[in-house]
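Subject: Structure handover

Hello,

Here is the structure for your files. My notes on it follow below.

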Amino acid sequence: PDQGKQLAASSWPKQRSIAHAMPGGADLMSLYGATGGRTKGGVMPVAEEGFALAVGYALLWASRRDSCNVGFFTAVSEVLRAQGVTRMNWSRTTMVDFVTECVFNSITQKGLSTFLQRAVKGLTREQRDMLMYDFVQSVVYSYLARHESGADYDSAIAFCVNSKIDAVLQCTRLGGCPDWSVSTLLSQDIWDQLGGQAGLKEVSKKFFTHIVAGAQMPCPVQELCDVCGEPRCKSVGKRLELVYVACRCESLTFEQKSAMAARNPKRPRDSNERGMNSLDTAGQGIKETYERKLQVVAVRYPNKTAKEIITKMIGADVARDSLNTSDEITGQQGGRLLASYLHSIKDDASNDFLSSGVKNFLQTQLDKYRMFYPSQKGLLEQALLFLPKLEQLSAAAAAAAAPPPDFGTPDAARPRPGEAGPSAAPPPVEF
């Protein structure tokens, strides 16, 4: 009786600690971000198992966008155990705490679902896949940032291999993709670009802040400043709590803020707005810009193949056309140059990389560079913005070149029976 009274009077955190003292509880929780844990049977290799489970839950949550199903918190361990990735089926109680407290940095179940359901609205299938990719990547980075096996790149990859992360990423039952692998999530270039384990932690923290900001009620919070683009809030790792962060604008005067905002206006675009200036109905300005860009390409890249030219534009010459002034939009001139060149060669059958269209090619490159290469991201975004104007110009030119409608031959001009009609020049010979 006394023991029952003590248990009834205990707080929820204390009850949870009692649950973790059971087999299969404390070892998994302690090994999520530590170097080892002990059970009665000795040291258990559950660090790798915890990593696999973490990635599995990120996949399942991103694909379902809801955890209300009764079997949600046991589904991942059941699937991965059946595939030989994990050693046992973990209880629902253990998995709820492990996923919310460790994997998603104390973000609530409702908060995660709210963020994902809001984020996917209006997205295409490719954009939803990219959101899922970023969601899973943040979990992988967060895990490697906490574990000692993420101290250097070779150790991090070896830890991923031992944890069978590729098998988890490619598990379609959890929402994975057959083309995903650790090498795409974390290449040597990305590791060097981020600066190692500390960089992984920063990327994951930013994405977790993005999740918490998007899950706020009654409406999401914009975590970046409209004027300078710097973060103005961050997650503190306590459910959906955010703290204010002073951005660069705090030290600026009102006039400086106004000037900065004027260079980057945030007005909604009317769906009926013309791609060309309403006073330039013939698109003469776009046509002249297009012709000038092609002249630049001809002078700058003589005797180069199409792939060599595009590689130079996106790579070594990505910032060549930047004016380095406060009024310059990042990548604007280089983006127009790239869009103009791609538009000029799109009908050449030898350029098979454009078989699905210039827009799809640019979008594929943007998905590749957008997270860690801001110069390439700016250039490709500007190219995508300029491309519709070129397509509209081509459509207008094709419409203008179309033959006039045929209204038939007037009766007076028709030859009478037995009379020859007016002589006409023969058509040209077709080769």
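I start with a single residue. Leaving aside neighbours within four places in sequence, Leu-380 is in contact with Ile-314, Leu-338, Leu-362, Gln-365, Leu-366 and Tyr-369, contact meaning heavy atoms within 4.5 Å. Leu-380 sits in helix H19 (residues 374–401) and is buried, its relative accessible area being 0%. Buried stands for under 20% relative accessible area, exposed for over 50% and partly exposed for what lies in between, with a 1.4 Å probe and protein chains only. Gln-332 is 48 residues away from Leu-380 along the chain, and their C-alpha atoms are separated by 8.9 Å.

On conventions: this is a predicted model, in which local features need pLDDT of at least 70 and side-chain atom pairs count only at pLDDT 80 or more, while totals for chains, interfaces and linings use all residues. Residues are numbered from 1 along each chain as its sequence is written, and side-chain values use heavy atoms, with hydrogens and water left out.

For the chain overall, there are 19 helices and 4 strands; these are DSSP runs numbered from the N terminus, helices being H or I with at least four residues and strands E with at least two. The chain has 431 residues, of which 39% count as buried. Among contacts with a separation of 6 or more, 64% come from residues 24 or more positions apart.

Next, the aromatic residues. Rings of Phe, Tyr and Trp (its six-membered ring) pair if their centres lie within 6.5 Å; planes under 30 degrees apart are stacked, over 60 edge-to-face and the rest tilted. That rule gives 15 aromatic pairs. In one of them, Trp-61 and Phe-104, the ring centres are 5.6 Å apart and the planes at 80°, so the pair is edge-to-face. Trp-61 is in helix H4 (residues 46–64) and Phe-104 in the loop between helix H6 (92–103) and helix H7 (109–119), so the pair ties together parts 43 residues apart in sequence. Trp-61 and Phe-104 are both buried.

Finally, a helix packing. H7 and helix H13 (residues 197–214) pack at about 85°, their axes 8 Å apart; axes are lines fitted to C-alpha atoms over the stretch in contact, and angles run from 0 to 180 degrees between N-to-C directions. H7 is therefore roughly perpendicular to H13, a term for angles of 65 to 115 degrees. Leu-112, Phe-115 and Arg-118 of H7 meet His-210, Ile-211 and Gly-214 of H13 in this contact.

Regards

Technical notes:
Parallel < 35°, antiparallel > 145°, perpendicular 65-115°, else oblique.
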